[in-house]
Amino acid sequence: MTRLVELPEWRDLKQHCSEISKVHLGELFRREPGRAQTLSIEDCGLLLDYSKNWVTAESMRKLFALANAVGVKQAAERMFSGEKINVTENRAVLHVALRNRSGQPIYVDGKDVMPEVRAVLDKMAVAAESIRTRQKLGSTGKPIRNVVNLGIGGSDLGPAMAYEALRPYSDRELTVRFVSNVDGTHLAEATRDLDPAETLFIVVSKTFTTQETMTNAESARRWLLAALAGPSVAADPQSEKARKIVGSHFLAVSAATDKAAAFGLDPQSSVFAMWDWVGGRYSLCSAVGLALMIGIGPTNFFRMLNGFHAMDQHFLDTPLERNMPVVLALLGIWYNNFFGLQTHAVLAYDQYLSRFAAYLQQADMESNGKSIGCDGSPVAWQTGPVVWGEPGTNGQHAFYQLLHQGTKIVPADFIGFAKSHNPLGDHHAKLMANLFAQTEALAFGKSADQVRAELEAQAKTKNQAPRLDLVPHKTFPGNRPTNTILAERLDPETLGKLVALYEHKIFVQGVIWGVNSFDQWGVELGKELANRILPELQATNEPELKHDESTNRLIRWFRQRSRN
């Protein structure tokens with residue numbers, strides 16, 4: 001098998017990189033009238049302008065040639081057809097089935113999975129409506145008004161991000177919160193002002209053994225039982241009275257129905273299925289999104305699924321040259337592998353997307369943060385970037401200084417909307433003016449001559465000598481690459497399209513790098529060691545420690561300070 005860096009298309013790009021790296025973005029725009037039209041795509045209700053990148057039409061042709069050489073289109077077809085492309089776990093990768101709105105079957109091992117998917121969605125809708133209409137009662141007869149999702153990673157980040165993004169569509173009379181951290185503060189603060197009699201917990205864990213989630217679930221159960229039945233019942237959660245209360249105040253999303261039943265839940269009515277062909281970070285559209293569906297309602301949840309499906313079809317059916325996920329993926333490859341830029345910012349100019357960058361951190365960095373290829377050999381090239389970002393003008397007053405004048409160049413995606421859900425005065429116009437200004441400034445900068453002329457003009461009006469020593473400090477080099485993604489409004493369909501856009505971008509990059517984007521073995525070692533250290537922290541006597549010198553000393557320090 002030919003290694004990636006030995007492909008003629010890769011070598012061609014290497015040569016082309018050395019040529020285009022000498023050309024400033026400003027010069028590219030001067031050379032190419034109509035560049036903004038040529039290097040943009042409008043489809044699925046989104047506009048992607050990628051003209052402010054270090055590419056020409058020729059650059060893009062060479063990048064598309066690389067995508068063809070590694071079989072991006074064929075890989076996408078294998079994923080959508082249910083092939084077991086998760087090679088290390090021998091699993092299909094079918095998050096697209098969760099939002100398949102076409103009515104067409106999707107097969108895994110010869111079985112159409114769509115009837116099961118639709119059955120779970122229907123079950124979710126019934127549960128959500130019962131809570132939204134206040135028909136779901138707690139054990140004391142009070143209606144459920146508070147929902148707390150207990151999960152971590154993909155069982156938390158997706159629904160938490162989406163609930164915040166779609167808050168304008170939520171029932172404001174319901175309280176929906178998300179607890180993930182095993183730090184007791186997270187659970188304590190999330191429940192501090194809630195009435196236990198009106199509170200429902202959703203435990204989201206495929207195995208029902210995830211340490212953080214189950215620790216929070218057990219503590220939530222004790223909190224609930226102590227408040228509703230007293231300390232003696234809380235101390236005996238398997239008693240009939242305890243199990244009756246738990247059954248009224250807990251739901252579970254899990255594949256381990258036996259463990260959920262042992263916790264006190266009816267597998268038929270209170271447990272929602274998960275499947276091994278959906279990875280956690282791709283599971284938002286499954287029952288993992290139950291808390292989200294409760295918050296925004298089934299109709300809006302299904303609108304979101306429609307948006308996902310629209311982008312899925314765009315990705316599957318659109319030629320590479322007009323394919324938004326493919327274009328974003330190739331630009332990322334271009335910067336990461338040919339220019340050595342190892343980080344990527346996602347800058348959403350909408351406060352409702354405040355958790356979007358955090359969500360993409362897991363989606364991207366857990367998927368493609370790999371140094372071993374699908375064939376088991378080490379890769380000889382950079383893989384996934386460091387992904388980060390903050391919403392709107394907050395970032396401008398924090399880290400944009402580095403983006404504009406720092407020694408590190410950070411490619412960035414700017415995301416904005418034509419309409420605001422909260423049209424207060426001229427707030428939204430000012431927000432979007434900042435978005436457009438930032439991409440312009442990053443691309444074209446301000447030359448020393450422009451700065452000098454401005455300083456001289458200002459000094460002249462004040463009859464002062466110009467501070468020409470400030471010229472280098474106020475000069476902006478520009479030539480910083482960005483993408484701009486625009487939509488009319490952040491609604492459920494648009495959110496689905498945006499998430500699917502990035503999911504497929506990540507997939508394409510994994511295909512090119514030759515890594516498995518759908519496992520996450522890198523998170524396991526820390527868990528294993530934590531399970532070994534925990535009893536050493538809790539031991540009443542002085543345990544024999546067999547870690548390294550540093551870890552042994554830290555454990556002893558904690559034991560001494562935490563008990564005095």
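**Strand pairing, nonpolar cores and cavities**

In the predicted model, strand 12 (residues 412–417) and strand 13 run parallel and are joined by 6 bridges. Within this pairing, Gly-416 has Leu-486 of strand 13 as its bridge partner. Strand 13 is also joined to strand 2 (residues 46–49), in this case by 4 bridges and in the antiparallel sense. Strand 13, which spans residues 482–487, is mostly covered, with 5 of its 6 residues buried. Strands of a sheet pair through backbone hydrogen bonds, and the pairing may be either parallel or antiparallel.

An open sheet of 5 strands is also present, with parallel pairing and the strand order 6-5-7-8-9. Its edges are formed by strand 6 (175–179) and strand 9 (271–272); each has a single partner strand, so one side of each is left without a neighbour in the sheet. Strand 9 pairs with strand 8 (residues 250–253) in the parallel sense over 2 bridges, and Val-253 stands opposite Phe-272 of strand 9. Helix 10 (residues 211–229) packs on this sheet, where it touches strand 5 (146–150), strand 6, strand 7 (199–204) and strand 8. The direction of helix 10 makes about 160 degrees with that of strand 7.

The largest nonpolar core comprises 130 residues. The members that touch the most other members of this core are Ile-202, Trp-277, Trp-334, Phe-356, Ile-415 and Leu-495. For Leu-495, when neighbours within four places in sequence are left aside, the residues in contact are Met-161, Ala-162, Ala-165, Leu-166, Met-304, Leu-353 and Leu-490. Another core, of 26 residues, lies apart from the largest one; Val-179, Leu-224, Val-233 and Leu-265 are among its members.

The structure contains 5 cavities of 30 Å³ or more, and the largest cavity has a volume of about 80 Å³. The lining of the largest cavity consists of Gly-332, Tyr-335, Asn-336, Leu-341, Gln-342, Thr-343, His-344, Pro-385, Pro-411, Lys-505 and Gln-509. Two or more lining residues are given by each of helix 16 (324–338), strand 10 (343–348) and helix 23 (492–513). Of the elements involved, helix 16 gives the most to this lining, with 3 residues.

Terms used
Residues numbered from 1 in each chain as written. Predicted model: local features only at pLDDT ≥ 70, side-chain atom pairs only at ≥ 80, totals over all residues. Heavy atoms only, no water. Core = buried A, V, L, I, M, F, W, Y, C linked by side-chain atoms within 4.5 Å. Buried < 20%, exposed > 50% of the residue type's maximum accessible area, 1.4 Å probe, protein only. Contact = heavy atoms within 4.5 Å. Pairing = 2+ DSSP bridges. Axes fitted to C-alpha atoms, helices over the stretch in contact; angles between N-to-C directions. 1 Å grid on protein atoms, 1.4 Å probe; cavity = no way out; pocket = protein on both sides within 12 Å on 5 of 7 lines; lining within 4 Å. Points joined across faces, edges and corners; volume = space filled by probe spheres on them.
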